[in-house]
Amino acid sequence: MKNNATLAYSFLLIIGDFLAVLAAFSLAYILRVKFDTRPLIQQIPAFTYFFALAAVLPLWILVHAFIGLYNQDIYERRFAELGRLFVGSILGMLVVIGYEFVAQKGLFPARLVAVYGFALGFGFLVLFRTFAQMIRRSLYSVGVGISNVLVIGDTKATDEIVEAIWNTAKTGQLVLAVVGGKVDGFKSYESFEDAINRLRRPIHSIIQTELYRDQDKNNAILRYAQENHVSYRFVPGNTDLFVGNIAVELFGGLPMIAVHQTALTGWGRIAKRLFDLMFSVILLLLLSPFMLIIAILVKLLSPRGPVFLRQTRLTRHNREFKVFKFRTHKPSINGLSDQAAFAKLGKPELYARYKANGYVLQNDPRITPFGRFLRRTSLDELPQLFNVLSGDISLVGPRALIASELNTYDKKHAILSVKSGMTGLAQISGRRDISFDERRTLDVYYVQNWSFWNDIVILLKTLKAVFGGIGAK
């Protein structure tokens, strides 16, 4: 059975967006015409302006619809929604100005009305969407707008999916039962037929985590979903094939799925490099005085060692380069391998614990007191901007690792298909609070699902993670 709550929410967003933009341009008119004494380009009465604008703004809402602002998958992705709202505001403003030009009718009494309207429009849209999301989640907590989910399969993915959506008050999804498997705290049924016969609540969504060998069983599940307008998704057995850049092509009259190693090719690589160059120069100019102070403090507090650590790391196509970081190690062990450093400190047993813990160690004895501060705040990473400027790495990408670390990972070829980065998905997903394998899995996901917008989101979330101290060690 189809869940109408999402459709109702989309309809309310359409109405709310329209009213938010209308209110923004009405306020813009008041600010410029009523409170600004400068002369106007043309005299347009308030009511004429209001009704003309109300007739044009549906075009703005059509732009929102065109870029997916009323699609279900955007509602819980806050950064993506904000980005599309900004793009939609720019395009919507261009559409309104274009309408004024084509119709050859003056819509704005002054140019500042359009400027104020754009700025206020984006602000009002963000406020309205934030308020709407708060109301939606509050309704989840009382059981309104919930999507009932049936999970089918007995795999690791079953446990992960149930764990991801079990908090109904946050996700708006309720796991009715698990078919063919068992998850603690949830109903389980042996067969799909048994589940649909015994469940008393309507099913809004089916997630199948494994396909049956008996194709008739799979067909029965899909047919039920189609006949009852139930959302259907499945997790492929070979997930490696379906996390890349996917395209559906026709070959010999048959649909064929093409999986590319990474989307970061062609113009994408050029745009990313230009972005790296521009922002690395800007950041170096802004942060150079601050970096000089840190360099002086490193030398004063630990005078026997160098200011910078230069360590061999790997980047795109397995190429080695020297990474720059502020030195955080004690001078006596600077430049030594991890194993040699622990041995020189007389604590060789710590190396095994360090390696088993994903190359992370609480209260690492190799680190100076000031070095702990630099690592906790990620300030030791700032000199890597020179590596970005020289083209060794990118602002965003997989973590640059030494060969001994990366050689333990069987998918290193995927990670090394793009340039390494100063920051990445691992850093915004708990940074060092997640395991080595989880961090590398996130690196592979980034490579195979790259987009320029994702890079912007990762950079913004990195700032949030750094200032919030998330996962810092």
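**Exercise 1.** Is Ile270 buried, partly exposed or exposed, and why?

*Solution.* Before we start: this is a predicted model, where local features need pLDDT of at least 70, side-chain atom pairs count only at pLDDT 80 or more, and totals for chains, interfaces and linings use all residues. Residues are numbered from 1 along each chain as its sequence is written, and side-chain values use heavy atoms, with hydrogens and water left out.

Step 1: recall the cut-offs: buried is under 20% relative accessible area, exposed is over 50%, and partly exposed is in between (1.4 Å probe, protein chains only).

Step 2: Ile270 has 40% relative accessibility, so it counts as partly exposed.

**Exercise 2.** Find the lining of the largest cavity and sort it by class.

*Solution.* Step 1: know your term. On a 1 Å grid over the protein atoms alone, a cavity is a set of points where a 1.4 Å probe fits but cannot get out, and lining residues have an atom within 4 Å of a point.

Step 1: list the lining: Leu309, Lys325, Phe326, Arg327, Thr328, His329, Asn334, Arg375 and Asp380.

Step 2: sort them. Ala, Val, Leu, Ile, Met, Phe, Trp, Tyr, Cys and Pro are nonpolar, Asp, Glu, Lys and Arg are charged, and the others, Gly among them, are polar.

**Exercise 3.** Which residues line the second largest cavity?

*Solution.* Look for Arg313, Val323, Lys325, Glu381, Gln384, Arg399, Ala400 and Gly421. Sorted by class, that's 2 nonpolar, 2 polar and 4 charged.

Note on methods
On a 1 Å grid over the protein atoms alone, a cavity is a set of points where a 1.4 Å probe fits but cannot get out, and a pocket is an open set with protein on both sides within 12 Å along at least five of seven lines; lining residues have an atom within 4 Å of a point.
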